[in-house]
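Trainee: I've got a structure open and I'd like to work through it with you. Can we take it piece by piece?

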Amino acid sequence: MYISDKNKQLNTYDAIVIGSGISGGWAAMELCKKGLKTLLLERGRDVKHVVDYPTAMLNPWDFKAGLNNTIKDRETDPVQSTAYSPADKHFYVSDAEHPYVQEKPFNWYRGYQVGGRSLTWGRQCYRLSDLDFEANHKDGFGVDWPIRYKDLEQWYSYAESFIGVSGNRENLPQLPDGEFLTPMELNCIEKHLGDSIRKHDEHRLLTIARVANLTRGWDHRGPCQNRNLCNRGCPFGGYFSSNSSTIPAAMATGNLTLRPFSIVTELLFDEHKQKAKGVRVIDTLSNEVHEFYAKIVFVNASTIATAGLLLNSVSSRFPDGFGNGSGQLGHNLMDHHSSAGAYGVHEAYTDQYYKGRRPCGFLIPRYRNLQDDKSLNFKRGYNIQGHGERQEWMDKAQSIDGFGEDFKAQLTTPGPWTIWMAGWGECLPYFDNKVSLDNFQKDKWGQPLLKIDFAFRENEHNMMTDIQHTSAEMFEKAGFKNIDTFNYNKPGGSTIHEMGTARMGHDPKTSVLNKFNQMHEAKNVFITDGSCMTSSACQNPSLTYMALTARASQFAYEQLKKGEL
């Protein structure tokens, strides 16, 4: 394909960012603020803050089938429909239109639009500690992280101060404190469980979740209205998303060009300069192929898509995928497991209720293997996340018989206090948990389908059993009744925390990226989405992506100024 010099000049930028989700939005903002003319490529449609949230102000009865998915939804979208409802279906892809190959069951949830999954994320923001950054090195599973907490501490603060995170300071070494807005409040049953936990075990505590929901106005956004309708898009800007925050900030610099409907099919490699020169893109509206050029490229398509893009970018230098001299690209896929936990009922506090719909629950930070506990049959650890509430009519409907006025009165009278909680557990980086390309099946744009081969192993299953045991134990000591432990046995991907596939490391022979998220074998390519993670820890990871992105952007800018890129 011949590209004229004039067209090449028009299609040339200082930086290209692939993907507009949480990390891509951050990369675009940081690079634009530094004065770089930046092209932000998004494969899906445009979504503008406020105006493109069509369900944000609707009531449950405004939906034809209420908030229930139809049989057709479940047939057409067997994966996505397990996460969406009619209120946010428009922020999820169609499984029928965007297939992938499951070597083993794996739920790959996707949102192809400007903002990506930042519109539907859980918003929980936790720092990793050196317990996490040193874990691979100490127990020998996986490769050593090339950074430690001190390398990221200031960038965590920088990210928190920009997005606005509400939470409590707890002075825990395994869960470092951050820059917090006023926390949301625990309700009476959560406080009761928390008091009991502290009374019986000084090493455990229950605290309010740390979330990117604003408890006061912040950076021209918010505050949160406690509607708990975040996944519809928030017209108040009450929570952080690319659409409400980083993309508008990037636009305000005058340096951003946003191009939706643009599938990046490969990175282009300059054999002479031994670095990336740009990207090839398919316009999904016209099916035209374009090339765009830049001095630096940030790949933030999300873990699985990033792996697929790099594997699809082959050349004589990289016959097995862009920057894949280590053979690690696509491997070491991780996701947190969140299947196991317990549920309990408490008979007290019948004179108390709550108001509003708080958009978060509580957290019991990690308390297992803070030092290596030889009595446990698993490595690493987990945290517990949950929420307390009084039974509502939907909870009671299955156990109440009758009709008429008396039946309605029983349904509408609040039931007892209950708590549901489950463990969010670390998944070890197994080499053969992987993403690869299908050499035979193509999508409608002629691109190879992605194959996902992932399974939790003995370590994760042993951890799930421990989660059930310790959760029930905490309920028992706090006087709960009707305690029920569970394990939903959800497949990989269900927690929507995909990580790995292009990990950071010291050695180019065993990793894809260095300590600045810079590709070992192509110095002008940076990857700061979840694919860069060397281990998964047990904390929700998005805050770490933001901090890593801000840090890598600063490094890339400085290297560019020095002429190193």
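Trainee: How many residue pairs are in polar contact across the interface of domain 1 and domain 2?
Mentor: Keep in mind that this is a predicted model. The rule takes pairs in which both residues have pLDDT 80 or more. Across the interface of domain 1 and domain 2, the number of such pairs in polar contact is 21.

Trainee: What area do domain 1 and domain 2 bury between them?
Mentor: The size of an interface is often given as the accessible area lost when the parts come together. Here 50% of that area is on carbon and sulfur atoms. The value for domain 1 and domain 2 is about 3,200 Å².

Trainee: And what distance separates the centres of the two domains?
Mentor: Domain 1 is made of several stretches, 1-146 + 260-335 + 431-455 + 496-564, and domain 2 of 165-239 + 337-425 + 457-491. The centres are taken over C-alpha atoms, and they are separated by 30 Å.

Trainee: How many salt bridges are there between domain 1 and domain 2?
Mentor: Side chains of opposite charge can pair when their charged atoms come close. The side chains of D132 and R366 meet in a salt bridge, at 3.9 Å from N to O. The structure holds 25 salt bridges, and the count between domain 1 and domain 2 is three.

Trainee: R380 and D139 form a salt bridge too. Which of them is buried and which is partly exposed?
Mentor: Their closest N and O atoms are 2.6 Å apart. R380 sits in the loop between β13 (362-364) and β14 (382-390), with D139 in helix α5, 241 residues apart. The cut-off for buried is under 20% relative accessible area. At 4%, R380 is therefore buried, and at 27% the partly exposed one is D139.

Trainee: What about R127 and E160: are they buried or exposed?
Mentor: R127 is in the loop between β4 and α4 and E160 is in helix α6 (residues 149-163), 33 residues apart. Their salt bridge brings the closest N and O atoms to 2.6 Å. As for R127 and E160, the answer is buried.

Trainee: Which residue has its backbone oxygen 3.0 Å from a polar atom of the R232 side chain?
Mentor: R232 is found in the loop between β7 and α8, and with 4% relative accessible area it is buried. Leaving aside neighbours within four places in sequence, its contacts include Y53, T55, L58 and F63. The backbone oxygen at 3.0 Å belongs to T55.

Trainee: How far apart in space are S326 and S511?
Mentor: S326 is in the loop between α9 (303-312) and β12 (340-346), and its side chain reaches the backbone nitrogen of Q328 at 3.1 Å. Among its contacts beyond four places in sequence are P508, S511 and E521. S326 and S511 are 185 residues apart in sequence, yet from C-alpha to C-alpha they are apart by 6.0 Å.

Trainee: N332 and N489 each have a positive phi. Which one is exposed?
Mentor: Neither is a glycine; phi is about 65 degrees for N332 and near 50 degrees for N489. N332 has a relative accessible area of 4%, so it is buried. Exposed means over 50%. At 54%, the exposed one is therefore N489.

Note on methods. Residues numbered from 1 in each chain as written. Predicted model: local features only at pLDDT ≥ 70, side-chain atom pairs only at ≥ 80, totals over all residues. Heavy atoms only, no water. Domains from an automatic or database assignment. Buried area = accessible area lost by both parts, 1.4 Å probe. Salt bridge = Lys/Arg side-chain N within 4 Å of Asp/Glu carboxyl O. Polar contact = N/O pair within 3.5 Å; in protein donor to acceptor, adjacent residues only side chain to side chain. Helix = DSSP H or I, 4+ residues; strand = E, 2+ residues; numbered from the N terminus. Contact = heavy atoms within 4.5 Å. Buried < 20%, exposed > 50% of the residue type's maximum accessible area, 1.4 Å probe, protein only.
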